[in-house]
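Subject: Structure handover

Hi,

Here is the structure for your files. My notes on it follow below.

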Amino acid sequence: MVLLIVEVFAVLSLKKVPFKMTWEETIAFIRTKPEYQDLVTKAYFHEDLEFNINNFGKSKEFEETLAIIKEYAPDANSILDIGCGNGISSINFALKEYQVTAVEPDSSTTVGAGAIRTMKARLNLNNIKVYEAFAEDIKFEDNSFDIVYVRQAVHHSNDLNKFIGECLRVLKPGGLLFTIRDHVIFNESDKKWFLKSHPLQKYYGGENAYTSLQYRTAMTRAGGIIEKELKYYDSIINYFPETQQSLDRKVEEEEKRIRKKLADKLGFIGATGFMFHIYKMMFNFHPLNEEKIPGRMYSYIVLKQ
């Protein structure tokens with residue numbers, strides 16, 4: 001019966017009926033479709049919650065996340081994880097013995113706070129608390145946490161300035177705000193391209209994105225000092241599940257394409273390294289161009305003044 005309802009929602013959405021599935025219904029739906037199975041695995045949407053947690057815990061993204069936390073907050077004990085979905089990060093932080101406070105507005109046992117509570121009980125974790133709230137409405141006291149960690153959630157904010165303001169309000173002075181994998185756009189046209197390209201937007205309609213300037217302005221206005229803005233290709237945190245090896249292949253393929261193009265137009269002279277060097281300088285050639293990635297993701301390392 002549930003699958004039938006989900007299928008009906010899918011058909012209606014494709015007909016552009018002006019309502020969407022919920023996020024939970026969307027994930028339940030794509031789990032049934034072969035064409036989405038790679039996304040389900042790589043985005044940690046599998047029905048098996050423990051499978052998701054184990055996969056995330058072993059990922060290069062989480063490995064790099066821990067390295068950055070150790071660099072910028074080596075003595076941290078408490079982590080507030082905001083917008084934490086099914087708990088892949090919250091549970092893994094708890095397994096690393098941090099004191100974790102998980103905040104997620106969705107109550108479901110599939111993609112929300114219910115899933116975190118399920119895994120907390122299953123793994124017998126006493127160092128994690130779970131709350132259901134939007135970031136803009138958290139009620140914690142000022143200066144409460146060593147780290148505020150937000151993975152793929154800031155771009156969903158109803159009020160960007162309030163979202164970031166609350167993150168920094170509850171952070172201790174000198175504490176680390178670490179926002180992970182938020183979609184960045186350059187302009188409204190770029191945003192339309194991103195929304196059209198997103199594989200799940202047509203079902204639940206909940207995607208959003210801001211410009212780099214909007215993110216940075218909100219952070220500095222709230223009293224944050226931006227230590228680093230990690231653009232898409234700056235860190236595996238952003239481009240994971242791609243690997244350095246896959247990026248190296250892309251660079252090699254793009255350079256081969258340009259060299260062939262020059263050789264076809266200019267003959268043996270065009271095939272020389274000198275002409276390729278001139279081409280790169282004249283056209284500001286970057287084989288890895290984030291402008292070709294719709295809604296490319298950025299991460300921000302921010303310290304509270």
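Start with the rings: Y44, F56, F62, F93, Y98, Y149 and F178 are linked into a cluster by ring pairs. Rings of Phe, Tyr and Trp (its six-membered ring) pair if their centres lie within 6.5 Å; planes under 30 degrees apart are stacked, over 60 edge-to-face, and the rest tilted.

Before the rest, some ground rules. This is a predicted model, where local features need pLDDT of at least 70 and side-chain atom pairs count only at pLDDT 80 or more, while totals for chains, interfaces and linings use all residues. Residues are numbered from 1 along each chain as its sequence is written, and side-chain values use heavy atoms, with hydrogens and water left out.

**Aromatic pairs**

The ring rule gives a count of 15 aromatic pairs. One of them is W23 with F45, an edge-to-face pair with 5.5 Å centre to centre and 80° between the planes. W23 sits in helix α2 (residues 23–30) and F45 in the loop between α3 (37–42) and α4 (49–57), so the pair ties together parts that are 22 residues apart in sequence. Helices here are DSSP runs (H or I, at least four residues), as are strands (E, at least two), numbered from the N terminus.

How exposed is each partner? W23 is partly exposed, at 25% relative accessibility. F45 is buried, at 15%. The cut-offs: buried is under 20% relative accessible area, exposed is over 50%, and partly exposed is in between (1.4 Å probe, protein chains only).

T26 is also in helix α2. T26 is buried, with 0% relative accessibility. In sequence T26 and I293 are 267 residues apart; in space they are 23 Å apart, C-alpha to C-alpha.

**Helix α5**

Helix α5 has 13 residues (60–72), which at 1.5 Å a residue should span 18 Å; the end C-alpha atoms are 18 Å apart, so the two agree. The expected span is 1.5 Å times one less than the number of residues. Which residues of α5 are buried? They are E61, F62, T65, L66, I68, I69 and Y72. These cover an arc of only 160° around the axis, which puts them on the same side of α5. The arc is taken from the directions from the helix axis to the C-beta atoms.

**Helix packing**

α4 and helix α6 (residues 88–95) pack at an angle of about 65°, with axes 9 Å apart. α4 and α6 are therefore roughly perpendicular. The axes of α8 and helix α11 (residues 212–221) come within 9 Å and cross at roughly 45°. That makes α8 oblique to α11.

Axes are lines fitted to C-alpha atoms, for helices over the stretch in contact; angles run from 0 to 180 degrees between N-to-C directions. Under 35 degrees is roughly parallel, over 145 roughly antiparallel, 65 to 115 roughly perpendicular, and the rest oblique.

**Backbone points to check**

Most residues other than glycine have a negative phi, and most peptide bonds are trans. Y44 is not a glycine, yet its phi is positive, near 65°. Y44 lies in the loop between α3 and α4. Y44 is buried, at 4% relative accessible area.

Q152 is not a glycine either, and its phi is positive at about 55°. Q152 is in the loop between β4 (145–151) and α8 (160–169). Q152 is partly exposed, at 26%.

Finally, F240 and P241 are joined by a cis peptide bond, with omega about 20°. P241 is in the loop between α12 (236–239) and α13 (244–266).

Best wishes
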